[in-house]
Each structure stands twice: as structure tokens, then as C-alpha cells.
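Hi everyone, thanks for coming.

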Amino acid sequence: MTANVPAVDDLIAAVDEIVGVVGLSGAIRVDLNGVVACERAYGLANRTYGILNAIDTQFAIASGGKGHTALTVMSLIETGELTLDTTARSVLGADLALIDDRVTVEHLLGNRSGIGDYLDESLEHQSDDYVLPVPVHELATTEQFVRVLDGFPMKFDPGEQFAYCNGGFVVLALIAERAAGMPYHDLVLQRVLDPAGLADTRFLRSDQLPARAAIGYLYDEGLQSNVLHLPVRGNGDGGIYTTLADSHALWDALFAGRVVSAENFALMTRVHSDPPEESQQYGLGFWVDAASDAVSLHGFDAGATYVSARLRSQGHTYTVFSNTSRGAWPVSQRIAELLVSLG
């Protein structure tokens, strides 16, 4: 397949224009019908040593990792360790006693559980706030999150409404780990990363980043990183690192049915909730845009923003990384507009 050359030239020019306005530090890739049309990197992965971001830099994707958790859980459903109707209580036992006994795996996947959130985004924290109640180095395994997740009362009855919930996806990671008898990070590797062929996607420790990983910076200028603002190792609600190539390979693997069945991926990416306060709808671990027929993953954290999407009807895919707290959003919005207009 080949992409239309004038369309590609126009796309590249438009991307460069918006990046110039925003001042993106990160990387971008756009595929038109499976063909790479634009692949760019901007800014610095390490400001201290002047190391440039590159197209193979590993970026943290914040809440984009919720998709990996959802896929891991769905894989366990396919092999019988869990069902959508499995209650959290049946796996958690006496832990996290304030979670309603009626909360199910499906409620958690769809952000409809009603559980209280340890990192409640409705409180509108600033990106440089210190939001974790324990030292970040103590949050490296899933079980270490139990004390952080505990003590938050239910907000509403399970299934009653949509409410984006970070804690819900850590609870899912805990459920997956206990149901499978394997650490969550190993489960994601076995159930998602290896079947999809994602060799550059891993849960890296922020205090031990390898040479190709981008440091997350709190501000557009300066050296202050996010190392004290996030768990030292990401978990069910986000924090995995990946590359442009792996982000696009994941979409290919998902639509080819190599991670979960085509039927179950379709279930995960159909509209389950249409929250009026959001510009898109939500499935089970994935955002869905009914207007553009796009399915996407989004991430926002201190020092990291991420959007990756597949426009199903058109076959186009795009990914935007930023290793700052704001950069990906305006760029991804402009790319989405351009791709819809291309048809």
C-alpha cells in the first residue's frame, strides 16, 4: 500500500506547524492505511546531558497503560480465571473492605464501579502536586498499593454511572494477580506484550531508567523531573513505557486478534458509557469516539502525556508522546482533525 503523496506532504507540514506552536518535547507517528506517513521526534529526552528524543525513545504513557490492564484481565476471562461478573470481593477477601460486595470486574473495567479513588482526578490536582500519601519508592508491586487504595468510601452504587477511576484499575491489577497466581507485571508481559510482539514496552522503574527512556519533566523549562511525583514503578492504572513502533504494533495485534479474540476486543471497544462531561465515550479500558469511529488510549501524568488512536473506518493510526505534563493534547487533536478530513 502507498499513501497519497500530496496528502502526506500536507499532513507533515500541518504537524510541523502545530508542533512549532506548542513546542512539543516528544515524538509523533502517523500511519495512513497502514503506511508510515509521518514520524518525528522533538526536544530532549534528557535535558541535563542534552540527549535528544528519537523515534525509538521509550516514553511513559501514564493512563494509556489502563488498556494493557484491561487486556490482561480480558485474557484471564478467556482462559477461565475470571469472568466479567466476578466480584472484587470474591478475590480480595477482607482487603479493601469499603468496596461494595456487588462491584464486578465489568464495573471496574468500565469505570462504573463507584469505588472511592486514591487519586481522584475530579479534585483537579496540579501536575506538580505531591499526591501520593506514602514514599513513592514503596509503590513498586501491586500488593504495596493495598494500603494506599484502602479507606475510600463508595461514591455511588455499582453500575449507576460513569466516573473515571484510577484506583479501579489498580484493583483490577490486584484481582488479576491473585486470580492468576502471578505478579501483575509478569502477567502483562505474558498476556499482552509477548503475544503482540512488543519488545520495547516494559514497566520501567523511574529511578533506573535505561539509556533510551525519556525522563519526564514537570515544566517546559528546567531540570525538575517527575521521579518524586509518581510510583517508582507503574501499575494497573498506568506508567508503562513504550515506543512509537510498539504503540502501532499493539493496534495491529489487537485488530488481528492476537491478544484477545476479535469478539472480545469488539466488546471492549464498543460504547458502554457516554459521560456528558467527556468529549468521547468509554468502553472497557478504551476510549471510543463514535463520531470519528476511533478507539484510543490516553494518558496524563506529571511529566507525561500520551494519545494513541486507530480510526477504524479509515484504517489510520496516530500516536503522540510528550515527556512533559501538557504537550500531547493539542498536537493529537490537530492530527485527529486532519485524518478525519482526509477520509
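Let's start with the contacts of valine 188. Leaving aside its neighbours within four places in sequence, valine 188 is in contact with His68, Thr72, Leu193 and Phe203. Please keep in mind that this is a predicted model.

Where does valine 188 sit? Its place is in helix α7, which covers residues 184-196. Is valine 188 buried or exposed? Valine 188 counts as buried because its relative accessible area is 0%, and the cut-off for buried is under 20%. Now look for valine 73: it lies 115 residues away from valine 188 along the chain, yet the C-alpha atoms of the two are separated by 9.2 Å.

That brings us to a pair of helices. Two packed helices are described by the angle between their axes and by the distance between those axes. Here, helix α2, residues 66-78, has an axis that comes within 9 Å of the axis of α7, and the two cross at roughly 75°. That angle makes α2 roughly perpendicular to α7, because 65 to 115 degrees counts as roughly perpendicular.

Which residues make the contact? From α2 there are His68, Thr69, Leu71, Thr72, Ser75 and Leu76. From α7 come Tyr184, Leu187, Val188, Arg191, Val192 and Leu193, so you will spot our valine again because it is part of this contact. By class, the contact of α2 with α7 has 7 nonpolar, 4 polar and 1 charged residues.

How many cavities of 30 Å³ or more does the structure hold? There are 4. The largest cavity has a volume of about 90 Å³. Its lining includes Leu96, Ile115, Tyr118, Asp150 and Phe152, and by class the lining divides into 8 nonpolar, 3 polar and 1 charged.

The second largest cavity holds about 50 Å³ of space. Among the residues lining it are Asn111, Arg112, Ile115, Lys155 and Cys165. This lining has 5 nonpolar, 3 polar and 3 charged residues.

Technical notes. Residues numbered from 1 in each chain as written. Predicted model: local features only at pLDDT ≥ 70, side-chain atom pairs only at ≥ 80, totals over all residues. Heavy atoms only, no water. Helix = DSSP H or I, 4+ residues; strand = E, 2+ residues; numbered from the N terminus. Buried < 20%, exposed > 50% of the residue type's maximum accessible area, 1.4 Å probe, protein only. Contact = heavy atoms within 4.5 Å. Axes fitted to C-alpha atoms, helices over the stretch in contact; angles between N-to-C directions. Parallel < 35°, antiparallel > 145°, perpendicular 65-115°, else oblique. Nonpolar A, V, L, I, M, F, W, Y, C, P; charged D, E, K, R; others polar. 1 Å grid on protein atoms, 1.4 Å probe; cavity = no way out; pocket = protein on both sides within 12 Å on 5 of 7 lines; lining within 4 Å. Points joined across faces, edges and corners; volume = space filled by probe spheres on them.
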